[in-house]
Amino acid sequence: MERTYQLTRDPVFYLMAAFFAFLTTALSAVLGQFRFMPISQTVILAIFMAIAVRRRDLRAGLGVVFLWLALSMSILILLMLVAPGQVERAFTDGFMHRALTSEWYFARSPLPASFATQPVPSLLEVLGVTLGSFITGGLVGLWYVVRMANLAAFSAGHLLGILGSPLWIGVALPIWSILQIVGAGGLVVICAEPLLADRFVALGGWLTRRWRHLLWFGAIYAAGVLAEWILPAFWHFHS
């Protein structure tokens, strides 16, 4: 008996997602497109995620989102090591953010772009990841997650360039960034499902199916936020 073909089980689906992640990230970063990079990343990733979520394939939705984020972050980190000045142009106030990141790590200044230093934008980020994803089918949430991942990779690449060894990746890309990206990415996929798969019909059934996933990814995200409050003051490992 022949098995029914499922697009989200086809490796080509993920290869295409990886190709567009590379294209939208690498090309935009090299060209210094600070507006085009997050917009193109968000829109194309939203299409791939929607294909999976509309089929009620949560595993595929999570898989394609995390594949995209991991690949785009790896690309930005590598590009920061070889052409930091060029990549800097792909971020609003990129030079200033690099300076503030250096001051945080080496001079123990406040962590830039965090809840401690930017509480209102950080609160809007939480609302965008959750409520924004619920209302827009994940589009607004992905915008915030993509920007979060890009900035984390930009900062990590900058610190790696200063520290001088890829072995410092666990320091340059801190645990709170990883937790927030994983938690927010999972929440976006789950919160997008009511609109993309059910058009807001049977919300009770969605909560019954997904409450455990909401709890797990919400806890991961909250742990990242808590770690961001506590750990940066101690996250200094240079001699």
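# Briefing: a kinked helix, a pocket and selected residues

A70 is partly exposed, with a relative accessible area of 44% (buried means under 20% relative accessible area, exposed over 50%, partly exposed in between, with a 1.4 Å probe and protein chains only). This is a predicted model, in which local features need pLDDT of at least 70, side-chain atom pairs count only at pLDDT 80 or more, and totals for chains, interfaces and linings use all residues. Residues are numbered from 1 along each chain as its sequence is written, and side-chain values use heavy atoms, with hydrogens and water left out.

**Helix α10**

- Helix α10 covers residues 203-230 and has a kink of about 60°, centred on R210.
- Helices are DSSP runs of H or I, at least four residues, numbered from the N terminus.
- The bend at a residue is the angle between axes fitted to the seven residues ending there and the seven starting there.
- R210 is also one of the buried residues of α10; the others are W206, L214, F217, Y221, G224, V225, A227 and E228.
- Cover for these buried residues comes from elements including α3 (58-82), α6 (119-136), α7 (139-163) and α9 (175-198).

**The largest pocket**

- The volume of the largest pocket is about 1,100 Å³.
- Its lining has 40 residues, and H97, A113, Q118, R147 and L151 are the closest to the pocket centre.
- Two or more lining residues come from each of α2 (36-54), α5 (94-107), α6, α7 and α9.
- Helix α7 gives the largest share, 10 residues.
- By class, the lining has 24 nonpolar, 12 polar and 4 charged residues.
- Ala, Val, Leu, Ile, Met, Phe, Trp, Tyr, Cys and Pro count as nonpolar, Asp, Glu, Lys and Arg as charged, and the others, Gly among them, as polar.
- A pocket is found on a 1 Å grid over the protein atoms alone, as an open set of points where a 1.4 Å probe fits, with protein on both sides within 12 Å along at least five of seven lines; lining residues have an atom within 4 Å of a point.

**Packing of α6 on α7**

- Helices α6 and α7 pack at an angle of about 145°, and their axes are 6 Å apart.
- On the α6 side, the contact uses L124, E125, G128, V129, G132, S133 and T136.
- On the α7 side, L139, V140, G141, Y144, V145 and M148 take part.
- Contact means heavy atoms within 4.5 Å.
- The contact of α6 with α7 has 7 nonpolar, 5 polar and 1 charged residues.

**Positive phi in two loops**

- A113 has a positive phi of about 55°, although it is not a glycine.
- A113 sits in the loop between α5 and α6 and is partly exposed, at 34% relative accessibility.
- A202 is not a glycine either, and has a positive phi of about 60°.
- The loop that holds A202 runs between α9 and α10.

- A70 belongs to helix α3.
- A70 and T24 are 46 residues apart in sequence and 14 Å apart in space, C-alpha to C-alpha.
- S102 is in helix α5 and counts as buried, because its relative accessibility is 18%.
- Beyond its neighbours within four places in sequence, S102 is in contact with A107, H158 and I162.
- From S102 to G157 the separation is 55 residues in sequence and 12 Å in space, C-alpha to C-alpha.
- A107 is also placed in helix α5, but is exposed, with a relative accessible area of 52%.
- A107 and H236 lie 129 residues apart in sequence and 9.3 Å apart in space, C-alpha to C-alpha.

Notes: Grid points are joined across faces, edges and corners, and a volume is the space filled by probe spheres set on the points. Axes are lines fitted to C-alpha atoms, for helices over the stretch in contact, and angles run from 0 to 180 degrees between N-to-C directions.
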